[in-house]
2 protein chains.
Amino acid sequence: MIKARIVVTLKNGVLDPQGKAIEGALGTLGFDGVSGVRQGKVFDVQVDSADRTKAEADLKAMCEKLLANTVIENYAIELA
Amino acid sequence: MIKARIVVTLKNGVLDPQGKAIEGALGTLGFDGVSGVRQGKVFDVQVDSADRTKAEADLKAMCEKLLANTVIENYAIELA
C-alpha cells in the first residue's frame, strides 16, 4: 500500500478568478500585503502496490487522464 | 516577501463524495487497487513581510477565518 499526494495547480499565466476573490476577501478581513493568491487541488490517494516505480507511473497516468487538465494545469506527485 | 502553501484537507471521518466519485472514475479508467481517494484544496499565497513568525501567525489566522472550515477541515501551512 503506497500513499501518495497529488497537487494540481494552475500554470503561470492562467487566470485564477477564485484566487483573486480570495485575495480580495483576505484584504477585506484586514490582512494587508497578501498577493498572488492561487488556488489549486490536492488529492490523497492510496495505491495497492508494492512497486514504487509502477505506482509512480500509474499515478502519472491518472493525472494525465483524469486529475489534471494539462493544458492549463501542472501536477506534482509526492510518494509518502 | 514570503511564499507559503496552505493545504486544506477534510478531517478523518468526514464523508468525501467527490473523492469517492474520483475513485470510481479511476476504476472505470482501468486503474485497479486505488482506494481512499480524498480531495482537498491548496492555496499558494505571498505575504509581503520579512518577519516569518508574524507571517506564520497571519497565515494561521487566515486559515481559521476564511480558508478552512475548522469544524470539518484540517490545514497545514508550509513556508517556502
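A salt bridge here is a side-chain nitrogen of Lys or Arg within 4 Å of a carboxyl oxygen of Asp or Glu. By that criterion, 0 salt bridges are counted between chain B and chain A. The model is predicted: local features need pLDDT of at least 70, side-chain atom pairs count only at pLDDT 80 or more, and totals for chains, interfaces and linings use all residues. Residues are numbered from 1 along each chain as its sequence is written, chains are lettered from A in the order in which they are written, and side-chain values use heavy atoms, with hydrogens and water left out.

**Interface extent**

- Chain B and chain A each bring 32 residues to the contact (heavy atoms within 4.5 Å).
- About 2600 Å² is buried between chain B and chain A, 67% of it on carbon and sulfur atoms; buried area is the accessible area (1.4 Å probe) that two parts lose on being put together, summed over both.
- Between the chains there are 8 residue pairs in polar contact, both residues at pLDDT 80 or more (a pair of N or O atoms within 3.5 Å; within protein, one must be able to donate a hydrogen and the other to accept it, and residues adjacent in sequence count only if both atoms are side-chain atoms).

**Elements on the chain B side**

- Strand S1 (2–10), helix H1 (17–28), strand S2 (34–47) and helix H2 (52–67) of chain B each supply at least two residues of the side that touches chain A; helices (H or I, at least four residues) and strands (E, at least two) are DSSP runs, numbered from the N terminus.
- S2(B) gives the largest share of that side, 14 residues.

**Strand pairing**

- Strand S2 (residues 34–47) of chain A pairs with S2(B) in the antiparallel sense over 11 bridges (pairing requires at least two DSSP bridges between two strands).
- In this pairing, B:Gln46 of S2(B) is opposite A:Ser35.
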